[in-house]
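Here is a short briefing to read with the sequence and the 3D view side by side. Take it slowly, and look up each part as it comes.

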Amino acid sequence: MKLLVCVSKTPETTAKIAFTDGDTQFDATGVQFIMNPYDEWYALVRALELKEAQGGSVTVINVGPASNDTIIRKALAIGADEAVRVDAEPSSSMFVAQQIAAYAKKEGFDAVFLGKETIDYNGSEVGAMVAELMEAPFVSYASHMEMDGDTATITRDIEGGSETVEVKAPFVLSAAKGLAEQRIANMRGIMMAKRKPLKVEAPVEADDLAVAVHYELPPKKGDVKLIDPEDMDELVRLLHEEAKAI
Amino acid sequence: MPDTGQAVNGTIEKRAREDKFQGHDYYAIDELLEDDHLIARDAVRTWVKQEVSPIIEEYAERAECPKHLYKGLAEIGAFGPNIPAEYGGGGMDEIAYGLIMQELERGDSGIRSMASVQGSLVMYPIWKYASEEQKRKYLPKLGNGDFIGCFGLTEPDHGSNPGGMVTNIKDDGDAYILNGAKMWITNSPVADIAVVWAKDEEGKIRGMVVEKDMPGFSAPEIHGKWSLRASITGELVFEDVRVPKANVFPEIRGLRGPLSCLSKARFGIAWGAIGAAMDCYDSALRYSLEREQFGRPIGGFQLTQKKLAEMITEITKAQLLAWRLGTLANKGKATPAQISMAKRNNVHMALEVAREARQIHGGMGITSEYPVMRHMMNLETVLTYEGTHDIHLLITGHDVTGLNAFQ
Ligand SMILES: Cc1cc2nc3c(=O)[nH]c(=O)nc-3n(C[C@H](O)[C@H](O)[C@H](O)COP(=O)(O)OP(=O)(O)OC[C@H]3O[C@@H](n4cnc5c(N)ncnc54)[C@H](O)[C@@H]3O)c2cc1C
């Protein structure tokens, strides 16, 4: 199978989040970046498992500037065979999806894997858009998948349970927890990654369609109020009037 | 082969508490590193968080070696990462090696010692000095953890002065007869092979590979350590051990042999110590922001800030020293005296940071709830082995004055 895995770069989970330019831009100063865990731990590893079991190849794709090469190399170190970076700012989900779909169509992949969301903007959009642009089926939140010939049986998380669907290649899958288990790059893999191809492609013409105009941080958590366990009335009053929870 | 790490007094389970460690890079030194350095550091950090942090306190408390980690260390490639890949190493550069040691020691100096010894003190001399046949025989198995190795230089009566060693070999046809004893040998009770340094009949120091099963060879464990408790240490006792001549390094003679290995290991320790220091600082910084006294976080008091500010300053200086040393080492230009300076400075720095961090944690600082006391106790060994703090000072003194103050 010829598999394409989309990997994106996200701020490290403990990074301090701030915005600049009148709250219209993310402030990357001093922020450490990682590969989006859903891409790395689940999408990439499941693709590698399939390749190991059935043969084929795994290509990773990222839309972004040259500074993203570290996470791309990491994906190669974990085991991907080759990588492509579309040299452009990932300005919106639609822009990114158009780049990925264009590449996927050009190269004829059997399946495109990506994480169910990025842990920064939580869009969950790119997968569906890529599928639409490729005119391929899309299965989201996959927590289990098996391939038999060109048919994939995929279990996906739904509210309170799971659903199992069947699709024929080519298809697009977004990965949730459970699809695979995180793999740690070893030193040999890191050295091999240095010799694996990382192609840089020019972006295709694409629009943004939706543009972020304003960011806001959640309100700071207030102080905890301790209430005498005997005083149920006060608890109910506060939950009702201040927390507006009941 | 090491066993599966089942604890003698019952199984040690992974703790649920998360290891929140974050690296500290006050001077953006990451910008001086290459992609593979960052990926290697990240990989080892992840491994340590998954495999070391959840168990280390308990193994250290029980003074037990987590033997199952030898295989794990091999799998991530922590054994001889700077040995060429064709001989079972990782083929990486010296900075990558340093960063791997940093991350392992961030977990525990004992775990770092397991890897330092295997890579720098066992694989390195075999790669550098053994015959091609021996290299092929031992290196791949050492690299993948099928074999554990140890390094025997120190003797009961010869520590800082290894040149005075009395362990010796006598020619006996196709073999040498080895007699003597080594002391304080990391990994020795679990080792499959030992790289041993002994004097020949001309009084010249020779190196050789001694195998576990050779008759007359034993390696009893040393108990009662209050430091490096998760690393196993023992003796090496040789009573008329017949060591085939093929196992003796053909060319190398004199102290130069073992000292070249120590230079490699000390280089790694100069980086490793930064890991221990960062872990202590990281824990102290977080604690100082969470712990409140007199109605506000203790991090808001000037005296706590002085401690934290000095810690990160010293860590940053040590990082720059290590980075520059690594850059020189990559060009083959790091001198033993330069390595001594970095080992001495960085280990002492780490010990000071651990002590200050211990104070910031108050009473909690002496418990295994936090890693600080364990690092502090470990660093007492690190200050002493691979050349004591004072011996490295004398090396610098000798280097700058040309006058030898050892004797
Ligand atoms: C846990 C642990 C693991 C170890 N692992 C290994 C190993 O794997 N392989 C190995 O070969 N060794 C190992 N060692 C041994 C270690 O390298 C020695 O302990 C170290 O070299 C010091 O030797 P010593 O303990 O005999 O102290 P000594 O040499 O007796 O030193 C005692 C004190 O005297 C000082 N001193 C000595 N000479 C001078 C001088 N000329 N001028 C001023 N001061 C001086 C020293 O600085 C020190 O403070 C290990 C040690 C420990 C504790």
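**A guided look at two chains**

Over residues 253-396 of chain B the chain is 76% helix and 3% strand, and the end C-alpha atoms are 24 Å apart. Helices (H or I, at least four residues) and strands (E, at least two) are DSSP runs, numbered from the N terminus. This is a predicted model, in which local features need pLDDT of at least 70 and side-chain atom pairs count only at pLDDT 80 or more, while totals for chains, interfaces and linings use all residues. Residues are numbered from 1 along each chain as its sequence is written, and chains are lettered from A and ligands numbered from 1 in the order in which they are written.

**What UniProt lists**

- For residues 253-396 of chain B, UniProt lists "domain: Acyl-CoA dehydrogenase/oxidase C-terminal" in an unreviewed entry.
- For residues 23-210 of chain A, UniProt lists "domain: Electron transfer flavoprotein alpha/beta-subunit N-terminal", also from an unreviewed entry.
- UniProt positions are given in the numbering used here, feature names are shortened, and annotations may be inferred rather than shown by experiment.
- Residues 23-210 of chain A are 32% helix and 31% strand, with end C-alpha atoms 17 Å apart.

**Chain B as a whole**

- Chain B has 10 helices and nine strands.
- The C-alpha trace of chain B spans about 80 × 55 × 40 Å along its principal axes.
- Of the 407 residues in chain B, 52% are buried (20 or more other C-beta atoms within 10 Å of a residue's own, with C-beta atoms placed from the backbone; 12 or fewer is exposed, and in between is partly exposed).

**Domains of chain B**

- The domain assignment, which is automatic or from a database, gives domain 1 (29-143), domain 2 (149-247) and domain 3 (256-401).
- The centres of domain 2 and domain 3 of chain B, taken over C-alpha atoms, are 30 Å apart.
- In chain B, 10 residues of domain 2 are in contact with nine residues of domain 3 (C-beta atoms, placed from the backbone, within 7 Å).

**A buried strand in chain A**

- Strand β12 (residues 171-175) of chain A is largely enclosed by the rest of the structure, because five of its five residues are buried.
- Phe171(A), Leu173(A) and Ala175(A) point one way from β12(A), while Val172(A) and Ser174(A) point the other way.
- Strand β8 (residues 111-115) of chain A pairs with β12(A) in the parallel sense over five bridges (pairing needs at least two DSSP bridges), and Phe113(A) has Leu173(A) as its bridge partner.
- Strand β9 (residues 138-148) of chain A also pairs with β12(A) in the parallel sense, over three bridges, and Phe138(A) stands opposite Val172(A).

How values were computed
Contact = placed C-beta atoms within 7 Å.
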